[in-house]
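I opened my notebook for a look through this one, jotting as I went.

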Amino acid sequence: MTEFADIAIASLIYLGAFFLFVGSLGLAKLPDLMRRLHGPTKATTLGIGATLIASMLYFFLKGDVLSIQELLITTFLFLTAPVTALMVAKAHLLLDKSEAKNLPPTGRKVGWSVFAAPSAPQSERAPSEGN
Amino acid sequence: MIETACAIAFVAISAAMLLCLYRVLVGPDMPTRILALDTLTINAIGLVVLAGIYWGTELYFEVALLFAMVGFLTTVAYCKYILRGNVME
């Protein structure tokens, strides 16, 4: 392996470790959940992406085989991180009622999406579901 | 050079995992603990991938992939559980 590849892989590893640490530090240090969500969803995702790119580059240059598994892990993590953040934020909003009181009015017929879901039209509702 | 980078990254990610563990233990409410557990899983994936680079083996990718899948599923299942009272409806 050349010197340049060594430097590139090492700096990607440093970048990944730094951003993983920054994300967890934000999780531990920020005051409430909506602010704590920023650390793990953005910084940690960038960190794990850099680490996986370093791994892919290392094994590509070591054995000349492009392994597809890192791409699989990267795709999976990048797809699931926003879903996780959405689920946690929704659980927080529905459990903690004080957030709903501070919201301004929407100015429309329906309220904010998590708190007041619009009722389904009569034709789409299945009659035998028992709701 | 790569070995030194791996050693420093091991220390940094271990410190990050300790911070997540602090948030799991102290965290004032349930969603914070769930978020901290998810971050702990992502840090564990980073640690596993770095161990693969450090020892030069490709055996650990399945471990990392399984960690990713199980971490996501447990997070979604916990959120569903505290929202609805059960996981499968």
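Below are my entries, going from whole chains to single residues.

**Entry 1: what kind of model.** I noted first that this is a predicted model.

**Entry 2: the two chains.** I started with chain A and found five helices and zero strands. Read from the N terminus, its elements run α-α-α-α-α. Of the 131 residues in chain A, buried ones make up 34%. I then turned to chain B, which has three helices and zero strands, in the order α-α-α. Buried residues account for 45% of the 89 residues in chain B.

**Entry 3: contacts along the sequence.** I looked up contacts between residues at least 6 apart in chain B, and 41% of them join residues at least 24 apart. For chain A, residues 24 or more positions apart account for 56% of the contacts with a separation of 6 or more.

**Entry 4: the outline of chain B.** How does the radius of gyration of chain B sit beside that of a compact globule of 89 residues? The globule would be near 12 Å, but chain B has 15 Å. Its C-alpha trace spans about 50 × 30 × 10 Å along the principal axes.

**Entry 5: the UniProt record.** I checked the unreviewed UniProt entry, which lists residues 6–25, 37–57 and 63–83 of chain B under "transmembrane region". In the model, residues 6–25 of chain B are 100% helix and 0% strand, with end C-alpha atoms 28 Å apart. Residues 37–57 of chain B come out as 90% helix and 0% strand, and there the end C-alpha atoms are 27 Å apart.

**Entry 6: helix H2 of chain B.** I gave this helix, residues 30–55, a length check. At 1.5 Å a residue its 26 residues should span 38 Å, and the end C-alpha atoms are 38 Å apart, which agrees. Is H2(B) largely enclosed or largely open? I found it largely enclosed by the rest of the structure, because 19 of its 26 residues are buried. Just after H2(B), I spotted B:Gly56 with a positive phi of about 65°.

**Entry 7: where the chains meet.** I looked up the contact next, and it takes 41 residues from chain B and 43 residues from chain A. On the side of chain B that touches chain A, helices H1 (2–26), H2 and H3 of chain B each supply at least two residues. H2(B) gives the most to that side, with 16 residues. By class, that side of chain B has 32 nonpolar, six polar and three charged residues.

**Entry 8: the nonpolar core.** The largest nonpolar core has 54 residues, and those with the most contacts inside it include A:Ile13, A:Leu20, B:Ala9 and B:Ile45. I then took a look at B:Ala9 on its own. Leaving out residues up to four places away in sequence, B:Ala9 touches A:Ile13, A:Tyr14, A:Gly16, A:Ala17 and B:Leu50.

**Entry 9: B:Glu62.** My last stop was B:Glu62, which lies in helix H3 (residues 61–84) of chain B. Is B:Glu62 buried or exposed? I have B:Glu62 down as exposed, because 12 other C-beta atoms lie within 10 Å, and exposed means 12 or fewer. Its C-alpha atom is separated by 9.9 Å from that of B:Val48, 14 residues apart along the chain.

Notes
Residues are numbered from 1 along each chain as its sequence is written. Chains are lettered from A and ligands numbered from 1 in the order in which they are written. This is a predicted model: local features need pLDDT of at least 70, side-chain atom pairs count only at pLDDT 80 or more; totals for chains, interfaces and linings use all residues. Helices (H or I, at least four residues) and strands (E, at least two) are DSSP runs, numbered from the N terminus. A residue is buried if 20 or more other C-beta atoms lie within 10 Å of its own, exposed if 12 or fewer, and partly exposed in between; C-beta atoms are placed from the backbone. The expected span of a helix is 1.5 Å times one less than its number of residues. Two residues are in contact if their C-beta atoms, placed from the backbone, lie within 7 Å. Ala, Val, Leu, Ile, Met, Phe, Trp, Tyr, Cys and Pro count as nonpolar, Asp, Glu, Lys and Arg as charged, and the others, Gly among them, as polar. The radius of gyration is taken over C-alpha atoms; the globule rule is 2.2 Å times the number of residues to the power 0.38. UniProt positions are given in the numbering used here, feature names are shortened, and annotations may be inferred rather than shown by experiment. A nonpolar core is a set of buried Ala, Val, Leu, Ile, Met, Phe, Trp, Tyr and Cys residues joined through C-beta atoms within 7 Å.
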